[in-house]
Amino acid sequence: MCGICFAWRKARDMQISVIGSGYVGLVAATCLAELGHNVICVDSDSAKIAALNAGETLIHEDCLQELLSRHRGTRLLFSTSVQEAARNSLVIFIAVGTPSADDGSVDLSCVEAVARSLAGAMNGYKVIVEKSTVPVYTSEWVQNALTSKGHAQAEFDVVSNPEFLREGTAVTDFLYPDRIVVGASSERATGIMREIYAPLIDGSYAQLPSAVPKPEPARPMPMYIETSPRSAELIKHASNAFLALKISFINAVASFCESVGANIEEVCRGIGSDSRIGPEFLRAGIGYGGSCFPKDVAAFRAVTHEFGFEFPLLDEIKRINEEQRARFIRKVRGALRTIKGKRLAVLGLAFKDGTDDVRESPAIKVIEQLLEEKCQITAFDPAAMDRAREILNGRISYATDPYAAAEGADALLILTEWKEFANLDLVRIKRLLRSPIVLDGRNVFSQAEMAEAGLTYHSIGRPTLEVSPSLLKKGQSAR
């Protein structure tokens, strides 16, 4: 390591624990080590810790394996002991799971368990950082949990530092963020958090020869936003609810486009060119999924109800999202006239491209509905097939590539927007299919490409492209 890099790292290092080794915890721990800090990542699951110590990554994320290999055993250690890690750390990030309860509210039992463990590990001043997505007032709840165990408030501060990581790009989202939000109630804690993120705030990390390459587009330096803990907690839920709103809104517009014969791609271009709106999240499809949007919309709704505030817009976001999947099933039924017993090829199982995560995946939900209607399904996904097997329990078949999935199928369904799918040989796909029908739930292809290949093409918010029966008989392409 060059002398400049060594000096930079030495000046920045801080003792940090990250409790939780899921998507947020593992990425945060690894990236904090990349910023020059000494990090202990803790999980109660000894099998996960053993796997991480053995060199496994556990999740599919660009750049993560490289950074784990770079820092494991030096700046990044793994442990099952919360108390031991906390005693050796100034800053403790809580990044455990916060699943939804039956009523949509957040289950804070894992956060509570961590707070209880921390109560026995307070051997000096600590900054306890909420990294998990939690409802407003959780910082006070954690604070009260510690003071009830006899700890004076001067011994610790509770800070809210919400994550804004997208699966598939989580590492670069952490290292090149749009904004860093820190909600703190004391200047001491505020100063420590600034020091943790200093290499990102001042742009010095990006100048390192070993830095993860900056994605395009990315801000030269992030906005650093300091708020109260309550505001920071609310920012996270409100941000995800708003993004889910944009997705549901454009999907509702796409449905209306189908009613009047308009093209949602043209409409999106016109809407997204307005600088007040922007093009992000204006992509019609079969709806949002994953571990964040469904859970956070439900949690935001639950906490507003808890405080007596009516927010019916949140209910409508969820309703439109669920209706989008139902509309796609109707498209499949309409394209095939009857779907019972039909063999369908499915491309995509993850909830989005770039990840192997199938939690709340629209693709899985569509497949489960099709299975209820007695369809036979063969699927392919570049990363998520092993995780899908855990959910679908042998009810579908899996192919080695998209072409093997398509062979002999009555129709091809595209349910995840993997970039690999956009480069398919469509003429070959047509030759392999029993019927030349493609239903694209993510608008991966242009209608011109499908016309060139001679495929009947159903997409979202665009007119259906029909293949002329006379052309099919002659073996010619539709034009």
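The predictor's confidence in each residue is called pLDDT and runs from 0 to 100. The model described here is predicted, so to speak, residue by residue: local features need pLDDT of at least 70, side-chain atom pairs count only at pLDDT 80 or more, and totals for chains, interfaces and linings use all residues. Residues are numbered from 1 along each chain as its sequence is written, and side-chain values use heavy atoms, with hydrogens and water left out.

The average pLDDT of the protein is 92, and 94% of the residues score at least 70. Over residues 1–11, pLDDT stays under 50, and the model has 18 contacts (heavy atoms within 4.5 Å) beyond four places in sequence for this stretch.

Now to the aromatic rings. Rings of Phe, Tyr and Trp (its six-membered ring) pair if their centres lie within 6.5 Å; planes under 30 degrees apart count as stacked, over 60 as edge-to-face and the rest as tilted. This rule gives 8 aromatic pairs. In one of them, the rings of Y176 and Y205 have centres 6.1 Å apart and planes at 50 degrees, so the pair is tilted. Y176 is buried (under 20% relative accessible area; exposed is over 50%, partly exposed in between, with a 1.4 Å probe and protein chains only) at 9%, and Y205 is buried at 1%. F309 and F311 make an edge-to-face pair, 5.9 Å centre to centre with 90 degrees between the planes. F309 is partly exposed at 49%, as is F311 at 24%. One aromatic cluster is formed by F281, Y288 and F293.
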